[in-house]
Amino acid sequence: MNHPIKAYLIGGGIGSLAAAAFMIRDGGVAGSDITIFEAMPLAGGSLDGGGNPDSGYTLRGGRMLTTDNYECTWDLFKSIPSLEHPGQTVYDETAAFNEANKSHSRARLVDRNRFKVDVTSMGFSMQDRLELVKLTEADEATLGDSAITDWLSPEFFDTKFWYMWATTFAFQPWHSAVEFKRYLHRFMMEFSRIETLEGVKRTVYNQYDSFVRPLQHWLHQQGVQIAFNSTVHDLELTDDASTVTAIHYTQDGETKILRVRPEDLVFFQNGSMTDASSYGSMFSAPPKLDKDDSQGWALWEKLAQGRPQFGNPAAFNSSIPESWWESFTVTLKQPAFFDRMEKFTGNRAGTGGLVTFKDSNWFMSVVLAHQPHFIGQPEGVQVFWGYGLHPDRVGNFVAKPMAECSGEEILRELCGHLNFDYEEVMATANCIPCRMPYITSMFMPRQYSDRPLPVPKGSRNLAFVSQFVEVPDDVVFTVEYSVRAAQMAVYQLLEIQREVPPITPHDESLKVKFDALIKAFK
């Protein structure tokens, strides 16, 4: 049955797109009654991917997937038709792709001498094991807003486990102990195979082409409207802040007010990990931007003022030095680099996952995806991606911080770690660096009250859908977190009786625990 409501979604990231799909599929809402407001000229939010072989392709990042977790994500994409394989869903084509391209990294860590490090052992001392167990078993109230460094000794951060875990998930030692603990539980299955990344699944192309395009296409077919170049500046609320009554926004430079009825719904993507991102080029470093340049946090800050139920954005966006890193996307028109890397690693592109240079001052990693990585990418063009967790530090081969480097300088640093001849393997390369000041802001130490619930207490028609809401036991910096928050919010506001797929308790499995224990003592 159709609900006589209209729904308005602020932000066109995966959370809003998923919420729209769940409203249509499970809530009986007509697609033509759903409008998404997006400030950018395209949807997808942090799941981006663009460019061309001439000016260069760009990816800000690539999210890790697993089929053992991601319950809500696969629940959604089992309903979304593939754009390339008639009769198949996005889930079907992703599963088939991963069956044909199994992950098994043979060069997960590389040292300063270009040796592939033996990672069959995690390198733990007995003290490391005891401290890790203590952190893993502590409840979240005890952990509070403490950092990982409050629970683990300095020696832990020089273990092979830390090098692999930190770069797989982008953790820093000063990040939230609560988030680190959640990851250890949620991905306990990955603990015993972290060195091979066998549990990691990939999309056929980059995640914009593989997830956002088909989802947006399906929503368009259902009649969903996406208002691009539309920035929402304010929400009018009733005195008790329970109900949105109007949306103030600017579209293509024109200021507008949209009245919202009490029975209508508003979903707000509060905060963005890729807010204030900036790009450099082969010859220039990315400019240094912050939230004043983008105004991407302004609406959440305005709504949260004097309303603790709407969270505390300052916990996440107040310390760029603790929440930023830099990525880079490289477009190549000759195969020399891929050929040399495949020979060195022992992995065909698309089967190896991250290669981390553990002694790199920038803590640099690169990954060679299966090609083509973009829809329409011509034959003979290859694309790879990399990032540095410590871009504020001077390089090992280039005498300046990564943040001040052009694309060419980043590639020279990479070739230094691999002992590759730059002129031989990078003759046609186009490297586009990207600075992301808030990319790990979700990992910042926080109090429980700093994140709003998907539907805040007392809210009648307003939901928060993002990486900055509170979803018990699940982990931020995943597609799953945004999709789960969206499904929870839609089901609660529409009173849908279907159960949100529960988090699979792999951490309670005796086999998983036993495998993790054996791995820890190797």
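The model is a predicted one.

**The largest cavity**

- Three cavities of 30 Å³ or more are found when the whole structure is searched.
- The largest cavity has a volume of about 720 Å³.
- Its lining consists of 38 residues, and those closest to the centre are Gly-62, Arg-63, Met-64, Val-367 and Trp-385.
- By class, the lining of the largest cavity comprises 23 nonpolar, 11 polar and four charged residues.

**The second largest pocket**

- The second largest pocket has a volume of about 480 Å³.
- It is lined by 19 residues, and Val-133, Thr-136, Met-188, Ala-516 and Leu-517 lie nearest its centre.
- Four helices each supply at least two lining residues: H4 (126-137), H7 (177-186), H8 (188-191) and H18 (510-521).
- Among the contributors to this pocket, H4 gives the most, with seven residues.
- The lining of the second largest pocket divides into 12 nonpolar, two polar and five charged residues.

- The axes of H4 and H7 come within 9 Å and cross at roughly 95°. The two helices are therefore roughly perpendicular to each other, since angles of 65 to 115 degrees are counted in that way.
- On the H4 side of this contact are Leu-132, Leu-135 and Thr-136, which meet Ala-177, Phe-180, Lys-181, Leu-184 and His-185 in H7. The contact of H4 with H7 has five nonpolar, two polar and one charged residues.
- The axes of H6 and H7 come within 13 Å, again with a crossing of roughly 95°. This makes H6 roughly perpendicular to H7.
- Phe-161, Trp-162, Trp-165 and Phe-169 of H6 make the contact with Phe-180, Tyr-183 and Leu-184 of H7. The residues of the contact of H6 with H7 are seven nonpolar, no polar and no charged.

**Helices H1 and H9**

- Helix H1 (residues 14-27) packs against helix H9 (residues 207-221) at an angle of about 40°, and their axes are 10 Å apart. That angle makes H1 oblique to H9.
- The crossing in which H1 passes H9 is left-handed.
- In H1, the residues Ile-14, Leu-17, Ala-18, Ala-20, Ala-21 and Ile-24 meet Val-212, Leu-215, Trp-218 and Leu-219 in H9. The contact of H1 with H9 contains 10 nonpolar, no polar and no charged residues.

**Local backbone features**

- Most residues other than glycine have a negative phi, and most peptide bonds are trans.
- Asp-252 has a phi near 50°, a positive value in a residue other than glycine. Asp-252 is located in the loop between strand S8 (244-251) and strand S9 (254-259).
- Gln-371 and Pro-372 are joined by a cis peptide bond, with omega about 0°.
- Pro-372 is placed in the loop between strand S14 (364-367) and S15.

Technical notes:
Residues numbered from 1 in each chain as written. Predicted model: local features only at pLDDT ≥ 70, side-chain atom pairs only at ≥ 80, totals over all residues. Heavy atoms only, no water. Axes fitted to C-alpha atoms, helices over the stretch in contact; angles between N-to-C directions. Parallel < 35°, antiparallel > 145°, perpendicular 65-115°, else oblique. Left-handed = near helix turned anticlockwise from the far one by under 90°. Contact = heavy atoms within 4.5 Å. Nonpolar A, V, L, I, M, F, W, Y, C, P; charged D, E, K, R; others polar. 1 Å grid on protein atoms, 1.4 Å probe; cavity = no way out; pocket = protein on both sides within 12 Å on 5 of 7 lines; lining within 4 Å. Points joined across faces, edges and corners; volume = space filled by probe spheres on them.
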